[in-house]
Amino acid sequence: MAASQTLQLSSLNNVEILPIQVIDIEDNKIQEPAVDEFDYSQRGQWLRAAVLGANDGLVSVASLMMGVASVKNDIKAVMVAGFAGLVAGACSMAIGEFVSVCTQRDVEISQMKRKKRERSLESDENDEKLPNPGQAAVASALAFAVGAVLPLLAAAFIKQPKVRMAVVFVVASVALVAFGVVGALLGGTPVVKSSARVLVGGWMAMGTTFGLTKLIGIDPGMQI
């Protein structure tokens, strides 16, 4: 009898220990994924403005300079066209970003007011999370200018037209790859795919601008 009671007690002890071990394992499984979680969408707004602004500045001014250089060998004409593209593009980016963020801000404020009426929530806690239109406009303009100044610096000290165009193309290509890599690393996206997409897009823009401008420039009825 003593032996049978001992076996029953040991079996009861085993039954009581097993659920505790299962709970610990389940808790570990629930907590483990939280270590590697990171919300890349929080970087979305400023990353989009910075990367797109720099990329637009680089591609726009490089394409403009190559288009002018296809019909004009004068370095002054190329540099003036590039500088005009920098100023115009930076202003356009700033105004466009300001209007876009203002619209987004108005939508978010309206949504906060609706929630306040429906749920009686205070809106003061969420005011700091609203986007800043002025900050976004300045960031976009500066990013565009940073990208646009690269081809200008590349062509400033080269006198031979063909060499100048080649240098602008190479510098623009390297910068496009760099922008693609930086955007991929900050956004958590594949580096090769992002870089290739940015590079091919820039090549298409520069090639199209160069080809069409060259086609118009060879028209005998048009003096440039």
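Let's start with the pocket. Fifteen, written 15, is the count of residues lining the largest pocket, and Val51, Leu52, Ser194, Arg197 and Val198 lie nearest its centre. Helices here are DSSP runs of H or I with at least four residues, strands are runs of E with at least two, and numbering starts at the N terminus.

A word on the source. This is a predicted model, where local features need pLDDT of at least 70, side-chain atom pairs count only at pLDDT 80 or more, and totals for chains, interfaces and linings use all residues. Residues are numbered from 1 along each chain as its sequence is written, and side-chain values use heavy atoms, with hydrogens and water left out.

Back to the pocket. Its volume is about 260 Å³. The lining has 6 nonpolar, 8 polar and 1 charged residues. Nonpolar covers Ala, Val, Leu, Ile, Met, Phe, Trp, Tyr, Cys and Pro; charged covers Asp, Glu, Lys and Arg; the others, Gly among them, are polar.

What counts as a pocket or a cavity? On a 1 Å grid over the protein atoms alone, a cavity is a set of points where a 1.4 Å probe fits but cannot get out; a pocket is an open set with protein on both sides within 12 Å along at least five of seven lines; lining residues have an atom within 4 Å of a point. Points join across faces, edges and corners, and volume is the space filled by probe spheres set on them.

Now the cavity. The whole structure has 1 cavity of 30 Å³ or more. The largest cavity holds about 30 Å³ of space. Its lining is Met65, Met66, Ala69, Val78, Arg164, Met165 and Val168. H2 and H5 are the elements giving two or more residues to it. By class, that lining has 6 nonpolar, no polar and 1 charged.

Next, one residue. Ser195 sits in helix H6. Is Ser195 buried or exposed? Ser195 is buried, because its relative accessible area is 8%, and buried means under 20% (exposed is over 50%, partly exposed in between; 1.4 Å probe, protein chains only). Leaving out residues up to four places away in sequence, Ser195 touches Val177, Gly180 and Val181, with contact meaning heavy atoms within 4.5 Å. The Ser195 side chain reaches the backbone nitrogen of Val181 at 3.4 Å.

Last, one span. Residues 77-95 are 100% helix and 0% strand, with end C-alpha atoms 27 Å apart.

Notes
Polar contact = N/O pair within 3.5 Å; in protein donor to acceptor, adjacent residues only side chain to side chain.
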